[in-house]
Amino acid sequence: MDFRDSPEEAAFRAEVRAWLAEHLKGEFATLGSRGGPADETGWDTRLEWERLLGRDRWVGLSWPEEYGGRAASFAQQVVFQEEYAKADAPARVSFFGEGLFAPTLIAYGTDEQKRRHLPRIQAADELWCQGFSEPNAGSDLANVQTRATLDGDEWVIEGQKVWTTLAHRADWCFAIVRTEPGSTAHHGLSYLLVPMHQPGIEVRPLRQMTGSAEFNEVFFDGARTPRDHVLGEVGQGWKVAMATLGFERGTAFMSQQLGFERELAEVIEIAQRNGSAQDPAIRERLAGHYAGVQIMRYNGMRMLTDLVQRGVIGPQASIGKLYWTSWHRALGETEMAVLGTDAMVIGGKPGGDYELDELHHSFMASRAETIYAGSSEIQRNIIGERVLGLPREPR
């Protein structure tokens, strides 16, 4: 695949740059790229920025035009993500709605469901969370125990989810629940759309060592959702969930490598400034991280090629998730080595909450990345069983 811009892509890139140059000012520019995993910095400003993006149809680029999108090609989506990252624009607040739920809704939803939810996601009037992980299932979706039973025209939900990112901000949750009594494994699951603001749902924040609490436990105790709030067919939720996870591990992280490049450049600058770059061991680690970023870039290109040529995301998505999480965790450890004794000092008042700078925050947040969005063990199983054809893991 030729990754140079076509004339149409070059024109689109110029349009994106011009829009960002005109609008990314003031408090939006001051915020920089802050926000995202384990970092709720500037939430209200980021929400306002999201609404501005939605107003000008930069939210939902790939959606069909009849639903407010631009029907952008994969290459145009990558162009937008590249320019967004280069502009150092704020982290998005609608990752779960736009990045995960919307593409699944377009693939499996009814026309009524699309017309109901897509415009609200674009306008940032609806924020979503993902109800997949459970205390005794972790990333193993086939073992979820949260159940829903029909009571007239409504599903009644009982159970618990955990590690539910931004549940305390969300208006809706897309949840995998067991709707066939006695079913096991990936059978008998359904993909329910559940309004969060109702009796029967309790959200309990889980404070992390970064100081943020965007992870939550979510308890369902008689929560209700209408019978037709099922995405896909009843009992076929596994297939729909796998589509969501494909988007999560694939296109959603395609621009991430640019952010990693910027983070690595900052670490190299600090190493040069404080003299740690003279240490051969530090130099070797930094060179290895640079090579790793290039590997991510080329794996991303392979994934994009598959998307364009076959319309599906191949095993590169799992390879990419497994690789970048390990790479970023190692970079966090190098960041602390580069800081040296300064790594032992953090801000904040004695006895009060501590304050992390970006490198401390990145180091701590990176410890969770090999777990969320499908743990490294899950990714290795996918690669082993579906790519290499190895025997299934004993259960």
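Student: Is W19 buried or exposed?
Tutor: Keep in mind that we're looking at a predicted model. A residue counts as buried when its relative accessible area is under 20%. W19 comes in at 9%, so the label is buried.

Student: Which residues does W19 touch, leaving out those up to four places away in sequence?
Tutor: Start from its place in helix α1. With those sequence neighbours left out, the contacts of W19 are W49, L52, L53, D56 and W58.

Student: What kind of aromatic pair do W19 and W49 form?
Tutor: By the ring-pair rule, the count comes to 17 aromatic pairs. In the one formed by W19 and W49, the centres are 5.6 Å apart and the planes make an angle of 50 degrees. Planes under 30 degrees apart would be stacked and those over 60 edge-to-face, so at 50 degrees this pair is tilted.

Student: How many residues apart are W19 and W49?
Tutor: Look at which helices they sit in: W19 belongs to α1 (residues 7–23), while W49 belongs to α3 (residues 43–55). Their pair links distant parts of the chain, and the separation is 30 residues.

Student: Which residues do ring pairs link into a cluster with W19 and W49?
Tutor: Follow the ring pairs and you'll find both of those tryptophans in one cluster.

Student: Which residue lies over the face of W58?
Tutor: Over its face, at 3.8 Å from the ring centre, lies R70.

Student: What is the phi of D88, which is not a glycine?
Tutor: Most residues other than glycine have a negative phi. D88 lies in the loop between α4 (74–86) and α5 (95–108), and is partly exposed at 29% relative accessibility. Its phi is positive, about 60 degrees.

Student: Is A124 buried or exposed?
Tutor: A124 also has a positive phi of about 60 degrees, although it's not a glycine. You'll find A124 in the loop between α6 (111–122) and β1 (128–131). With a relative accessible area of 3%, A124 is buried.

Notes
Residues numbered from 1 in each chain as written. Predicted model: local features only at pLDDT ≥ 70, side-chain atom pairs only at ≥ 80, totals over all residues. Heavy atoms only, no water. Helix = DSSP H or I, 4+ residues; strand = E, 2+ residues; numbered from the N terminus. Buried < 20%, exposed > 50% of the residue type's maximum accessible area, 1.4 Å probe, protein only. Phe/Tyr/Trp six-rings, centres within 6.5 Å; stacked < 30°, edge-to-face > 60°. Lys NZ or Arg CZ within 6 Å of the ring centre and 35° of its normal. Contact = heavy atoms within 4.5 Å.
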